[in-house]
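Open the model in a viewer and keep a selection tool at hand.

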Amino acid sequence: MSKKLANLYLILVFAVLYAPIVFLIVYSFSQGETMTNYHGFTWRHYQTLFSDARMLAIVANTLLVALLSSLIATLIGTLGALGINRTTKRVTRESLLTLNNVLMVSPDVIIGASFLIFFTMLKIPLGFGSVLMSHIAFEIPIVVLMVLPRLREMSSSLLDAAEDLGATTRQLLTQVIIPFISPGIFAGFFMALTYSLDDFAVTFFVTGNGFSTLSVEIYSRARQGINLEINALSGVMFLFSLLLVGGYYWIQQASQKRKHHKREVAS
Amino acid sequence: MRAVTKRRTWLYFIPYGLWLALFVIAPVALIIYQSFFDLGHHFTLGNYSTYFQSATYLKMTLNSVWYAFLITLFTGLISYPTAYFLHQLKHRQFWLLLVILPTWINILLKAYAFIGIFSQAGLANQFLTFIGIGPQQILFTNASFIFVATYIQIPFMILPIYNSIDDLNPAFVNASRDLGASNWQTFRRVIFPLTLPGVKAGVQAVFIPSLSLFMLTRLIGGNKVITLGTAIEEHFLTTMNWGMGSTIGVILIVAMIIVMTLTGDKKPKGGAPR
(Lines give C-alpha, C1' and ligand atoms only; values in the text may rest on other atoms or scores of the structure.)
Protein backbone atom coordinates (compact mmCIF):
# COMPACT_ATOMS: atom_id res chain seq x y z
CA MET A 1 0.00 0.00 0.00
CA SER A 2 2.68 2.50 1.01
CA LYS A 3 4.69 1.45 -2.01
CA LYS A 4 1.73 2.26 -4.23
CA LEU A 5 1.38 5.67 -2.60
CA ALA A 6 5.08 6.32 -3.16
CA ASN A 7 4.78 5.45 -6.82
CA LEU A 8 1.68 7.60 -7.17
CA TYR A 9 3.57 10.52 -5.63
CA LEU A 10 6.48 10.03 -8.02
CA ILE A 11 4.16 9.84 -11.01
CA LEU A 12 2.57 13.10 -9.90
CA VAL A 13 5.94 14.86 -9.51
CA PHE A 14 7.16 13.66 -12.90
CA ALA A 15 3.86 14.69 -14.51
CA VAL A 16 4.25 18.22 -13.12
CA LEU A 17 7.92 18.34 -14.15
CA TYR A 18 7.18 17.39 -17.74
CA ALA A 19 3.72 18.90 -18.29
CA PRO A 20 4.95 22.37 -19.32
CA ILE A 21 7.50 20.90 -21.72
CA VAL A 22 4.96 18.55 -23.33
CA PHE A 23 2.48 21.44 -23.45
CA LEU A 24 4.97 23.65 -25.30
CA ILE A 25 5.81 20.99 -27.86
CA VAL A 26 2.20 19.91 -28.46
CA TYR A 27 1.19 23.49 -29.29
CA SER A 28 4.16 23.89 -31.63
CA PHE A 29 2.15 21.64 -33.97
CA SER A 30 -1.14 23.52 -33.53
CA GLN A 31 -2.67 25.46 -36.41
CA GLY A 32 -3.89 28.27 -34.13
CA GLU A 33 -1.97 31.30 -33.00
CA THR A 34 -2.31 30.89 -29.21
CA MET A 35 -1.67 28.20 -26.62
CA THR A 36 -5.33 27.76 -25.71
CA ASN A 37 -7.17 25.44 -28.08
CA TYR A 38 -5.52 22.84 -30.24
CA HIS A 39 -6.51 23.43 -33.87
CA GLY A 40 -5.12 20.44 -35.71
CA PHE A 41 -1.68 19.40 -36.87
CA THR A 42 0.69 21.57 -38.87
CA TRP A 43 4.42 21.99 -39.51
CA ARG A 44 3.83 25.67 -40.25
CA HIS A 45 5.55 27.06 -37.15
CA TYR A 46 8.63 24.99 -37.86
CA GLN A 47 8.68 26.37 -41.39
CA THR A 48 8.44 29.92 -40.02
CA LEU A 49 11.26 29.13 -37.60
CA PHE A 50 13.58 27.73 -40.24
CA SER A 51 12.97 30.66 -42.60
CA ASP A 52 13.44 33.27 -39.85
CA ALA A 53 16.88 34.60 -40.77
CA ARG A 54 17.21 36.66 -37.60
CA MET A 55 16.44 33.65 -35.40
CA LEU A 56 18.85 31.40 -37.32
CA ALA A 57 21.63 33.98 -36.97
CA ILE A 58 20.96 34.11 -33.23
CA VAL A 59 21.08 30.30 -32.99
CA ALA A 60 24.43 30.37 -34.80
CA ASN A 61 25.69 33.11 -32.44
CA THR A 62 24.59 31.12 -29.40
CA LEU A 63 26.29 27.93 -30.58
CA LEU A 64 29.46 29.82 -31.51
CA VAL A 65 29.67 31.51 -28.11
CA ALA A 66 28.94 28.20 -26.34
CA LEU A 67 31.54 26.14 -28.22
CA LEU A 68 34.28 28.78 -28.24
CA SER A 69 33.84 29.76 -24.60
CA SER A 70 33.72 26.11 -23.44
CA LEU A 71 36.90 25.27 -25.34
CA ILE A 72 38.81 28.21 -23.87
CA ALA A 73 37.34 27.69 -20.40
CA THR A 74 38.28 24.00 -20.51
CA LEU A 75 41.86 24.89 -21.43
CA ILE A 76 42.27 27.57 -18.72
CA GLY A 77 40.34 25.55 -16.14
CA THR A 78 42.40 22.40 -16.69
CA LEU A 79 45.63 24.36 -16.35
CA GLY A 80 44.20 25.97 -13.23
CA ALA A 81 43.32 22.58 -11.75
CA LEU A 82 46.89 21.39 -12.47
CA GLY A 83 48.15 24.48 -10.67
CA ILE A 84 45.87 24.03 -7.66
CA ASN A 85 46.85 20.37 -7.48
CA ARG A 86 50.52 21.40 -7.35
CA THR A 87 50.11 23.60 -4.28
CA THR A 88 51.66 22.04 -1.21
CA LYS A 89 50.43 24.41 1.50
CA ARG A 90 46.96 23.63 2.77
CA VAL A 91 46.12 27.31 3.29
CA THR A 92 47.01 28.27 -0.30
CA ARG A 93 44.98 25.41 -1.70
CA GLU A 94 41.92 26.18 0.42
CA SER A 95 41.96 29.88 -0.43
CA LEU A 96 42.43 29.16 -4.14
CA LEU A 97 39.45 26.80 -4.02
CA THR A 98 37.35 29.39 -2.19
CA LEU A 99 38.18 32.03 -4.81
CA ASN A 100 37.48 29.50 -7.55
CA ASN A 101 33.98 28.91 -6.16
CA VAL A 102 33.00 32.57 -5.82
CA LEU A 103 31.44 32.67 -9.30
CA MET A 104 29.71 29.31 -8.71
CA VAL A 105 27.71 30.58 -5.73
CA SER A 106 27.18 34.21 -6.74
CA PRO A 107 23.71 35.04 -8.04
CA ASP A 108 23.63 35.68 -11.81
CA VAL A 109 22.56 39.30 -11.40
CA ILE A 110 25.64 40.05 -9.30
CA ILE A 111 27.93 38.44 -11.88
CA GLY A 112 26.17 40.29 -14.69
CA ALA A 113 26.17 43.68 -12.96
CA SER A 114 29.78 43.48 -11.80
CA PHE A 115 30.99 42.37 -15.26
CA LEU A 116 29.06 45.26 -16.77
CA ILE A 117 30.92 47.70 -14.48
CA PHE A 118 34.19 45.93 -15.32
CA PHE A 119 33.74 46.13 -19.11
CA THR A 120 32.57 49.73 -18.95
CA MET A 121 35.55 50.82 -16.83
CA LEU A 122 38.00 49.16 -19.23
CA LYS A 123 36.04 50.65 -22.16
CA ILE A 124 35.50 47.22 -23.70
CA PRO A 125 32.57 47.52 -26.15
CA LEU A 126 29.52 45.42 -25.28
CA GLY A 127 28.72 42.72 -27.81
CA PHE A 128 30.17 39.41 -28.96
CA GLY A 129 33.50 39.97 -27.18
CA SER A 130 32.05 40.89 -23.80
CA VAL A 131 29.54 38.01 -23.92
CA LEU A 132 32.28 35.54 -24.88
CA MET A 133 34.58 36.75 -22.08
CA SER A 134 31.79 36.57 -19.50
CA HIS A 135 30.87 33.04 -20.54
CA ILE A 136 34.50 31.91 -20.33
CA ALA A 137 34.70 33.54 -16.89
CA PHE A 138 31.70 31.77 -15.35
CA GLU A 139 32.54 28.41 -16.97
CA ILE A 140 36.12 28.14 -15.65
CA PRO A 141 35.24 27.18 -12.03
CA ILE A 142 33.05 24.22 -13.04
CA VAL A 143 35.84 22.87 -15.27
CA VAL A 144 38.27 23.11 -12.33
CA LEU A 145 35.80 21.28 -10.08
CA MET A 146 35.37 18.50 -12.65
CA VAL A 147 39.10 18.03 -13.32
CA LEU A 148 40.46 18.24 -9.74
CA PRO A 149 39.04 14.91 -8.45
CA ARG A 150 40.66 13.03 -11.34
CA LEU A 151 44.00 14.73 -10.59
CA ARG A 152 43.72 13.67 -6.95
CA GLU A 153 43.16 10.06 -8.00
CA MET A 154 46.37 10.08 -9.99
CA SER A 155 49.17 8.46 -7.99
CA SER A 156 52.47 10.34 -7.77
CA SER A 157 54.39 7.15 -8.50
CA LEU A 158 52.99 7.29 -12.02
CA LEU A 159 54.59 10.71 -12.49
CA ASP A 160 57.82 9.65 -10.81
CA ALA A 161 58.08 6.63 -13.09
CA ALA A 162 57.59 8.77 -16.19
CA GLU A 163 60.18 11.28 -14.98
CA ASP A 164 62.69 8.55 -14.14
CA LEU A 165 62.22 7.17 -17.63
CA GLY A 166 63.31 10.58 -18.94
CA ALA A 167 60.02 12.23 -19.87
CA THR A 168 60.19 16.00 -20.36
CA THR A 169 57.58 18.28 -18.78
CA ARG A 170 55.74 18.47 -22.09
CA GLN A 171 55.74 14.70 -22.52
CA LEU A 172 54.66 14.24 -18.93
CA LEU A 173 51.71 16.54 -19.52
CA THR A 174 50.59 15.30 -22.93
CA GLN A 175 51.28 11.59 -22.59
CA VAL A 176 50.69 10.82 -18.93
CA ILE A 177 48.63 13.44 -17.13
CA ILE A 178 46.15 14.52 -19.81
CA PRO A 179 45.19 10.98 -20.90
CA PHE A 180 44.58 10.08 -17.26
CA ILE A 181 42.39 13.11 -16.46
CA SER A 182 40.61 13.20 -19.83
CA PRO A 183 37.24 11.99 -18.42
CA GLY A 184 37.31 14.97 -16.04
CA ILE A 185 38.27 17.35 -18.84
CA PHE A 186 35.48 15.98 -20.99
CA ALA A 187 32.91 16.33 -18.20
CA GLY A 188 34.12 19.88 -17.55
CA PHE A 189 33.78 20.84 -21.22
CA PHE A 190 30.32 19.37 -21.25
CA MET A 191 29.18 21.22 -18.13
CA ALA A 192 30.69 24.44 -19.50
CA LEU A 193 28.67 23.96 -22.69
CA THR A 194 25.40 23.55 -20.79
CA TYR A 195 26.18 26.54 -18.54
CA SER A 196 26.71 28.67 -21.63
CA LEU A 197 23.57 27.49 -23.43
CA ASP A 198 21.49 27.93 -20.26
CA ASP A 199 22.67 31.36 -19.24
CA PHE A 200 20.32 34.27 -19.47
CA ALA A 201 20.97 36.82 -16.73
CA VAL A 202 24.71 37.38 -17.22
CA THR A 203 24.34 37.65 -21.00
CA PHE A 204 21.38 40.00 -20.58
CA PHE A 205 23.58 42.44 -18.65
CA VAL A 206 26.66 42.43 -20.88
CA THR A 207 25.15 41.99 -24.34
CA GLY A 208 24.59 45.60 -25.40
CA ASN A 209 22.32 46.34 -28.34
CA GLY A 210 23.64 44.66 -31.48
CA PHE A 211 24.31 41.13 -30.23
CA SER A 212 21.78 38.62 -28.94
CA THR A 213 21.73 35.00 -27.79
CA LEU A 214 18.77 32.62 -27.77
CA SER A 215 17.88 33.19 -24.10
CA VAL A 216 17.84 36.96 -24.51
CA GLU A 217 15.80 36.68 -27.71
CA ILE A 218 13.25 34.33 -26.10
CA TYR A 219 12.94 36.76 -23.18
CA SER A 220 12.21 39.74 -25.39
CA ARG A 221 9.74 37.77 -27.54
CA ALA A 222 8.01 36.23 -24.50
CA ARG A 223 7.48 39.71 -23.07
CA GLN A 224 5.50 40.54 -26.21
CA GLY A 225 3.20 37.56 -25.68
CA ILE A 226 2.54 34.16 -27.19
CA ASN A 227 4.16 33.35 -30.52
CA LEU A 228 4.03 29.72 -31.61
CA GLU A 229 7.37 30.08 -33.37
CA ILE A 230 8.91 29.99 -29.87
CA ASN A 231 7.06 26.71 -29.30
CA ALA A 232 8.63 25.30 -32.43
CA LEU A 233 11.99 26.52 -31.17
CA SER A 234 11.48 24.74 -27.86
CA GLY A 235 10.61 21.55 -29.75
CA VAL A 236 13.91 21.74 -31.60
CA MET A 237 15.83 22.61 -28.42
CA PHE A 238 14.23 19.75 -26.48
CA LEU A 239 15.30 17.29 -29.17
CA PHE A 240 18.79 18.78 -29.08
CA SER A 241 19.10 18.42 -25.30
CA LEU A 242 17.74 14.85 -25.47
CA LEU A 243 20.53 14.04 -27.91
CA LEU A 244 23.12 15.73 -25.68
CA VAL A 245 21.92 13.96 -22.51
CA GLY A 246 21.72 10.66 -24.38
CA GLY A 247 25.22 11.10 -25.74
CA TYR A 248 26.63 12.06 -22.34
CA TYR A 249 24.91 9.11 -20.63
CA TRP A 250 26.13 6.70 -23.30
CA ILE A 251 29.75 7.92 -23.05
CA GLN A 252 29.65 7.66 -19.25
CA GLN A 253 28.29 4.12 -19.41
CA ALA A 254 30.91 3.18 -21.97
CA SER A 255 33.77 4.57 -19.89
CA GLN A 256 32.45 2.80 -16.81
CA LYS A 257 32.31 -0.47 -18.70
CA ARG A 258 35.86 0.08 -19.88
CA LYS A 259 36.93 0.67 -16.27
CA HIS A 260 35.28 -2.58 -15.15
CA HIS A 261 36.84 -4.39 -18.04
CA LYS A 262 40.31 -3.08 -17.15
CA ARG A 263 39.83 -4.11 -13.54
CA GLU A 264 38.86 -7.61 -14.59
CA VAL A 265 41.91 -7.87 -16.82
CA ALA A 266 44.14 -6.57 -14.05
CA SER A 267 42.95 -9.02 -11.42
CA MET B 1 64.00 16.48 -10.42
CA ARG B 2 60.71 17.55 -8.84
CA ALA B 3 61.92 21.09 -8.25
CA VAL B 4 62.80 21.49 -11.92
CA THR B 5 59.36 20.46 -13.16
CA LYS B 6 57.76 22.65 -10.56
CA ARG B 7 59.63 25.74 -11.74
CA ARG B 8 58.65 25.14 -15.33
CA THR B 9 55.01 24.39 -14.67
CA TRP B 10 54.05 27.58 -12.85
CA LEU B 11 53.96 29.27 -16.26
CA TYR B 12 50.91 27.17 -17.10
CA PHE B 13 49.17 28.71 -14.12
CA ILE B 14 49.28 32.27 -15.53
CA PRO B 15 45.97 32.24 -17.50
CA TYR B 16 44.10 30.86 -14.50
CA GLY B 17 45.73 33.43 -12.20
CA LEU B 18 44.76 36.21 -14.58
CA TRP B 19 41.18 34.95 -14.56
CA LEU B 20 41.14 34.95 -10.75
CA ALA B 21 42.42 38.52 -10.64
CA LEU B 22 40.33 39.97 -13.48
CA PHE B 23 37.04 38.10 -13.29
CA VAL B 24 36.73 37.07 -9.63
CA ILE B 25 38.50 39.60 -7.44
CA ALA B 26 38.16 42.72 -9.61
CA PRO B 27 34.36 42.49 -10.22
CA VAL B 28 33.57 41.99 -6.52
CA ALA B 29 35.85 44.90 -5.65
CA LEU B 30 34.27 47.02 -8.39
CA ILE B 31 30.70 46.45 -7.24
CA ILE B 32 31.65 47.46 -3.68
CA TYR B 33 33.58 50.49 -5.04
CA GLN B 34 30.68 51.52 -7.29
CA SER B 35 28.22 51.42 -4.38
CA PHE B 36 29.97 54.48 -2.89
CA PHE B 37 29.26 56.71 -5.91
CA ASP B 38 26.15 58.72 -6.77
CA LEU B 39 24.74 59.56 -10.21
CA GLY B 40 27.20 62.44 -10.65
CA HIS B 41 30.22 60.20 -9.90
CA HIS B 42 30.90 61.79 -6.51
CA PHE B 43 32.06 59.71 -3.60
CA THR B 44 29.19 59.34 -1.14
CA LEU B 45 27.70 57.18 1.56
CA GLY B 46 24.31 58.40 0.37
CA ASN B 47 23.29 55.17 -1.35
CA TYR B 48 23.55 53.25 1.90
CA SER B 49 21.77 55.91 3.95
CA THR B 50 19.02 56.05 1.30
CA TYR B 51 18.70 52.29 1.42
CA PHE B 52 18.49 52.03 5.20
CA GLN B 53 16.14 55.01 5.60
CA SER B 54 13.77 54.14 2.78
CA ALA B 55 10.73 52.08 3.77
CA THR B 56 10.35 51.02 0.12
CA TYR B 57 13.80 49.46 -0.13
CA LEU B 58 13.59 47.77 3.27
CA LYS B 59 10.13 46.41 2.52
CA MET B 60 11.31 45.18 -0.87
CA THR B 61 14.24 43.36 0.76
CA LEU B 62 12.00 41.75 3.37
CA ASN B 63 9.53 40.73 0.66
CA SER B 64 12.29 39.25 -1.44
CA VAL B 65 13.65 37.23 1.49
CA TRP B 66 10.11 36.09 2.38
CA TYR B 67 9.40 34.91 -1.19
CA ALA B 68 12.77 33.14 -1.38
CA PHE B 69 11.94 31.47 1.95
CA LEU B 70 8.54 30.30 0.67
CA ILE B 71 10.02 29.04 -2.59
CA THR B 72 12.74 27.13 -0.69
CA LEU B 73 10.19 25.71 1.76
CA PHE B 74 7.82 24.43 -0.94
CA THR B 75 10.70 23.09 -3.02
CA GLY B 76 12.02 21.22 0.02
CA LEU B 77 8.63 19.80 0.98
CA ILE B 78 8.11 18.45 -2.54
CA SER B 79 11.70 17.34 -3.18
CA TYR B 80 12.50 15.39 -0.02
CA PRO B 81 9.85 12.68 -0.52
CA THR B 82 10.65 12.60 -4.24
CA ALA B 83 14.35 11.98 -3.59
CA TYR B 84 13.49 9.41 -0.91
CA PHE B 85 11.08 7.39 -3.06
CA LEU B 86 13.31 7.78 -6.10
CA HIS B 87 16.15 6.15 -4.21
CA GLN B 88 14.04 3.03 -3.64
CA LEU B 89 13.39 2.47 -7.35
CA LYS B 90 15.11 -0.20 -9.38
CA HIS B 91 16.50 1.85 -12.28
CA ARG B 92 17.15 4.89 -10.12
CA GLN B 93 20.04 6.21 -12.25
CA PHE B 94 17.67 6.42 -15.19
CA TRP B 95 14.93 8.16 -13.18
CA LEU B 96 17.47 10.56 -11.76
CA LEU B 97 18.47 11.44 -15.31
CA LEU B 98 14.79 12.18 -15.99
CA VAL B 99 14.82 14.60 -13.04
CA ILE B 100 17.89 16.35 -14.45
CA LEU B 101 16.59 16.54 -18.03
CA PRO B 102 14.15 19.45 -17.43
CA THR B 103 17.02 21.57 -16.10
CA TRP B 104 18.46 21.36 -19.61
CA ILE B 105 15.47 23.12 -21.07
CA ASN B 106 16.14 26.83 -21.10
CA ILE B 107 14.59 28.48 -18.04
CA LEU B 108 12.94 31.12 -20.24
CA LEU B 109 11.19 28.48 -22.33
CA LYS B 110 9.75 27.00 -19.12
CA ALA B 111 8.60 30.43 -17.97
CA TYR B 112 7.10 30.99 -21.43
CA ALA B 113 5.18 27.69 -21.15
CA PHE B 114 3.57 28.96 -17.95
CA ILE B 115 2.52 32.18 -19.67
CA GLY B 116 0.44 29.91 -21.92
CA ILE B 117 -0.79 27.59 -19.17
CA PHE B 118 -1.81 30.40 -16.79
CA SER B 119 -3.34 32.72 -19.42
CA GLN B 120 -7.02 33.80 -19.36
CA ALA B 121 -8.20 30.88 -21.52
CA GLY B 122 -5.24 28.65 -20.72
CA LEU B 123 -5.03 25.08 -19.46
CA ALA B 124 -5.21 26.00 -15.77
CA ASN B 125 -8.34 28.09 -16.24
CA GLN B 126 -9.97 25.41 -18.41
CA PHE B 127 -9.39 23.01 -15.55
CA LEU B 128 -10.83 25.47 -13.00
CA THR B 129 -13.89 25.95 -15.21
CA PHE B 130 -14.22 22.19 -15.59
CA ILE B 131 -14.32 21.59 -11.82
CA GLY B 132 -16.79 24.44 -11.44
CA ILE B 133 -14.69 27.20 -9.88
CA GLY B 134 -14.62 29.29 -13.03
CA PRO B 135 -11.76 31.22 -14.61
CA GLN B 136 -9.47 33.25 -12.34
CA GLN B 137 -6.69 35.73 -12.90
CA ILE B 138 -3.67 33.46 -12.42
CA LEU B 139 -0.89 35.06 -14.43
CA PHE B 140 0.76 38.14 -12.88
CA THR B 141 -0.07 37.15 -9.31
CA ASN B 142 2.31 36.44 -6.43
CA ALA B 143 1.08 32.85 -6.25
CA SER B 144 1.94 32.17 -9.89
CA PHE B 145 5.43 33.59 -9.33
CA ILE B 146 6.01 31.28 -6.36
CA PHE B 147 4.59 28.30 -8.27
CA VAL B 148 6.81 28.77 -11.32
CA ALA B 149 9.93 29.51 -9.24
CA THR B 150 9.29 26.34 -7.20
CA TYR B 151 8.79 24.36 -10.40
CA ILE B 152 12.11 25.58 -11.78
CA GLN B 153 14.06 24.93 -8.55
CA ILE B 154 12.75 21.41 -7.74
CA PRO B 155 15.49 19.45 -9.60
CA PHE B 156 18.21 21.50 -7.88
CA MET B 157 16.80 20.45 -4.49
CA ILE B 158 16.18 16.79 -5.40
CA LEU B 159 19.78 16.16 -6.52
CA PRO B 160 21.70 17.01 -3.31
CA ILE B 161 19.06 15.31 -1.13
CA TYR B 162 19.21 12.21 -3.33
CA ASN B 163 23.00 12.15 -3.01
CA SER B 164 22.87 12.39 0.78
CA ILE B 165 20.30 9.56 0.93
CA ASP B 166 22.61 7.56 -1.31
CA ASP B 167 25.46 8.18 1.17
CA LEU B 168 23.35 6.97 4.08
CA ASN B 169 24.56 3.66 5.45
CA PRO B 170 21.54 1.29 5.44
CA ALA B 171 22.95 -0.46 8.51
CA PHE B 172 21.82 2.50 10.65
CA VAL B 173 18.27 2.17 9.37
CA ASN B 174 18.27 -1.58 9.96
CA ALA B 175 19.74 -1.14 13.43
CA SER B 176 17.07 1.40 14.31
CA ARG B 177 14.30 -0.95 13.13
CA ASP B 178 15.85 -3.90 14.99
CA LEU B 179 15.89 -1.84 18.16
CA GLY B 180 12.14 -1.42 17.82
CA ALA B 181 11.78 2.07 16.37
CA SER B 182 8.70 2.72 14.28
CA ASN B 183 9.06 3.93 10.69
CA TRP B 184 8.34 7.48 11.76
CA GLN B 185 10.85 7.33 14.63
CA THR B 186 13.50 5.88 12.31
CA PHE B 187 12.89 8.68 9.88
CA ARG B 188 12.87 11.46 12.46
CA ARG B 189 15.79 10.26 14.59
CA VAL B 190 18.03 8.49 12.05
CA ILE B 191 17.33 9.14 8.39
CA PHE B 192 16.51 12.86 8.48
CA PRO B 193 19.44 13.96 10.70
CA LEU B 194 21.87 11.97 8.59
CA THR B 195 20.58 13.42 5.32
CA LEU B 196 20.50 16.98 6.67
CA PRO B 197 23.71 17.95 4.79
CA GLY B 198 21.88 17.25 1.52
CA VAL B 199 18.95 19.40 2.60
CA LYS B 200 21.35 22.22 3.53
CA ALA B 201 23.12 21.96 0.18
CA GLY B 202 19.70 22.09 -1.50
CA VAL B 203 18.67 25.16 0.49
CA GLN B 204 21.89 26.83 -0.59
CA ALA B 205 21.26 25.94 -4.23
CA VAL B 206 17.68 27.24 -4.15
CA PHE B 207 17.48 30.15 -1.70
CA ILE B 208 20.21 32.38 -3.15
CA PRO B 209 19.06 32.17 -6.80
CA SER B 210 15.48 32.75 -5.62
CA LEU B 211 16.51 36.17 -4.31
CA SER B 212 17.57 37.20 -7.77
CA LEU B 213 15.15 35.65 -10.29
CA PHE B 214 14.33 38.90 -12.08
CA MET B 215 13.17 37.36 -15.36
CA LEU B 216 10.40 35.42 -13.60
CA THR B 217 9.17 38.50 -11.74
CA ARG B 218 8.91 40.24 -15.11
CA LEU B 219 7.34 37.42 -17.15
CA ILE B 220 5.17 35.68 -14.53
CA GLY B 221 4.90 38.10 -11.61
CA GLY B 222 3.95 40.97 -13.91
CA ASN B 223 6.19 43.44 -12.04
CA LYS B 224 4.08 43.03 -8.88
CA VAL B 225 6.73 40.99 -7.13
CA ILE B 226 10.01 42.90 -6.81
CA THR B 227 12.97 40.86 -5.65
CA LEU B 228 16.50 42.08 -4.93
CA GLY B 229 17.42 40.82 -8.40
CA THR B 230 14.66 42.82 -10.07
CA ALA B 231 15.77 45.96 -8.24
CA ILE B 232 19.39 45.49 -9.34
CA GLU B 233 18.38 44.89 -12.95
CA GLU B 234 16.16 47.96 -12.90
CA HIS B 235 18.88 50.22 -11.47
CA PHE B 236 21.53 48.98 -13.87
CA LEU B 237 19.63 48.70 -17.14
CA THR B 238 16.61 51.01 -16.84
CA THR B 239 17.26 53.94 -14.50
CA MET B 240 21.05 53.72 -14.99
CA ASN B 241 21.66 54.45 -11.29
CA TRP B 242 24.60 52.07 -10.96
CA GLY B 243 25.56 53.32 -7.51
CA MET B 244 22.22 52.38 -5.98
CA GLY B 245 22.15 49.13 -7.99
CA SER B 246 25.58 48.23 -6.62
CA THR B 247 24.43 49.05 -3.09
CA ILE B 248 21.56 46.57 -3.42
CA GLY B 249 24.08 44.16 -4.95
CA VAL B 250 26.27 44.46 -1.86
CA ILE B 251 23.16 43.76 0.30
CA LEU B 252 22.51 40.66 -1.83
CA ILE B 253 26.13 39.52 -1.39
CA VAL B 254 25.80 39.98 2.39
CA ALA B 255 22.55 37.99 2.35
CA MET B 256 24.33 35.28 0.38
CA ILE B 257 27.19 35.10 2.89
CA ILE B 258 24.70 34.84 5.77
CA VAL B 259 22.87 31.96 4.07
CA MET B 260 26.15 30.21 3.29
CA THR B 261 27.35 30.43 6.89
CA LEU B 262 24.01 29.24 8.26
CA THR B 263 23.87 26.23 5.94
CA GLY B 264 27.62 25.59 5.68
CA ASP B 265 28.64 22.06 6.57
CA LYS B 266 30.76 22.03 9.66
CA LYS B 267 33.28 19.27 10.06
CA PRO B 268 31.61 16.42 11.95
CA LYS B 269 32.81 16.19 15.51
CA GLY B 270 34.19 12.88 16.71
CA GLY B 271 34.34 9.77 14.57
CA ALA B 272 33.16 9.68 10.99
CA PRO B 273 29.78 7.97 10.57
CA ARG B 274 31.30 5.30 8.35
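Select α12(B) and α13(B), which pass each other in a left-handed crossing (the near helix is turned anticlockwise from the far one by less than a right angle; clockwise would be right-handed). Helices here are DSSP runs of H or I with at least four residues, numbered from the N terminus. This is a predicted model, in which local features need pLDDT of at least 70, side-chain atom pairs count only at pLDDT 80 or more, and totals for chains, interfaces and linings use all residues. Residues are numbered from 1 along each chain as its sequence is written, and chains are lettered from A in the order in which they are written.

Helix α12 covers residues 228-238 of chain B and helix α13 residues 242-263; they pack at about 160°, with axes 8 Å apart. Axes are lines fitted to C-alpha atoms over the stretch in contact, and angles run from 0 to 180 degrees between N-to-C directions. The two helices are therefore roughly antiparallel (over 145 degrees). Residues in contact (C-beta atoms, placed from the backbone, within 7 Å) include B:Leu228 and B:His235 of α12(B), and B:Trp242 and B:Gly249 of α13(B).

Next, show both chains: 58 residues of chain A are in contact with 66 residues of chain B. Helix α1 of chain A, residues 2-27, gives the most to chain A's side, with 12 residues.

Conventions: Two residues are in contact if their C-beta atoms, placed from the backbone, lie within 7 Å. Angles under 35 degrees count as roughly parallel, over 145 as roughly antiparallel, 65 to 115 as roughly perpendicular and the rest as oblique.
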